[in-house]
Amino acid sequence: MSEPLLPIIQPNDGKPYVAGSRCTQCGHVYVGPREVCAKCTARDAMEPVHLAETGKVWAWTVVHRSFPGVATPFVDVIVDLDDGAHIKGTLVDVDPQAVSADMPVRMVFREAVPAGADKPYLTYLFVPAQGAAA
Ligand SMILES: [Zn+2]
């Protein structure tokens, strides 16, 4: 059985979060489960954590062509989360021309419906940290 691509956890009675791992030896934080720390090579030293929901844009691109049914343009980003993890995502509720390096962003969870599908799934997105609604 393979691991899910997006380690999004939604407890029955709580707010969803993205699962991560923190090395108890060096403190480095990763997206998803890990058994070995890539930074300090410690084994069996990882503890599960909820990833930070705030961070800053590290890199981005504006996507103008995508799969049928996917609205363009949209902004693909790599975000440096405040806990040190790096995560890829989509930045929404923003003018693509207004995106800049180190722009503060916030993670939100929304349902999305893939083209051709009838059931939504929960995903995380990023929005500008200032003045955005969840
Ligand atoms: Zn480590």
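Predicted model: local features only at pLDDT ≥ 70, side-chain atom pairs only at ≥ 80, totals over all residues.

User: What is the mean pLDDT of the chain?

Analyst: The mean pLDDT, where pLDDT is the predictor's confidence in each residue on a scale from 0 to 100, is 89 for the protein chain, and 93% of its residues reach 70 or more.

User: What share of the residues is buried?

Analyst: Buried residues make up 19% of the 134 residues in the protein chain. A residue is called buried if 20 or more other C-beta atoms lie within 10 Å of its own, exposed if 12 or fewer do, and partly exposed in between, with C-beta atoms placed from the backbone.

User: Switching to domains, what does the assignment give?

Analyst: It gives domain 1 (8-50) and domain 2 (54-128), with bounds that come from an automatic or database domain assignment. The C-alpha centres of the two domains lie 22 Å apart.

User: How many residues are in contact across the two domains?

Analyst: Nine residues of domain 1 are in contact with eight residues of domain 2, contact being defined as C-beta atoms, placed from the backbone, within 7 Å of each other. On the domain 1 side, β2 (17-23) and β3 are the elements that give two or more residues, and β3 gives the most, with three.

User: What is that side like by class?

Analyst: The side of domain 1 that touches domain 2 has six nonpolar, three polar and no charged residues. In this scheme Ala, Val, Leu, Ile, Met, Phe, Trp, Tyr, Cys and Pro count as nonpolar, Asp, Glu, Lys and Arg as charged, and the others, Gly among them, as polar.

User: Which residues touch the most other members of the largest nonpolar core?

Analyst: Val77 and Val79 do, in a core of 18 residues; a nonpolar core here means a set of buried Ala, Val, Leu, Ile, Met, Phe, Trp, Tyr and Cys residues joined through C-beta atoms within 7 Å. Strands β3 (29-31), β5 (54-63), β6 (74-81), β7 (86-91) and β8 (104-112) each supply at least two residues of this core, and the largest share, four residues, comes from β6.

User: What does Val79 touch, then?

Analyst: Leaving aside neighbours within four places in sequence, Val79 is in contact with Gly55, Lys56, Val57, Trp58, Ile87, Gly89, Val105 and Phe126.

User: How do β6 and β7 pair?

Analyst: They pair in the antiparallel sense over six bridges, two strands being counted as paired if DSSP finds at least two bridges between them. Asp76 stands opposite Thr90 in β7, and in the hairpin of β6 and β7, with four residues between the strands, Gly84 takes a positive phi near 105°.

User: Which peptide bond is cis?

Analyst: The bond from Thr72 to Pro73 is cis, with omega near 0°, and Pro73 sits in the loop between β5 and β6.

User: What about Asp93 and Asp102, are they buried or exposed?

Analyst: Asp93 counts as exposed because 12 C-beta neighbours lie inside 10 Å, and Asp102 is exposed with 9 other C-beta atoms within 10 Å. Asp93 is found in the loop between β7 and β8, and Asp102 has its place in the loop between β7 and β8 as well. Phi is positive in both residues, near 60° for Asp93 and near 70° for Asp102.

Definitions and conventions. Residues numbered from 1 in each chain as written.
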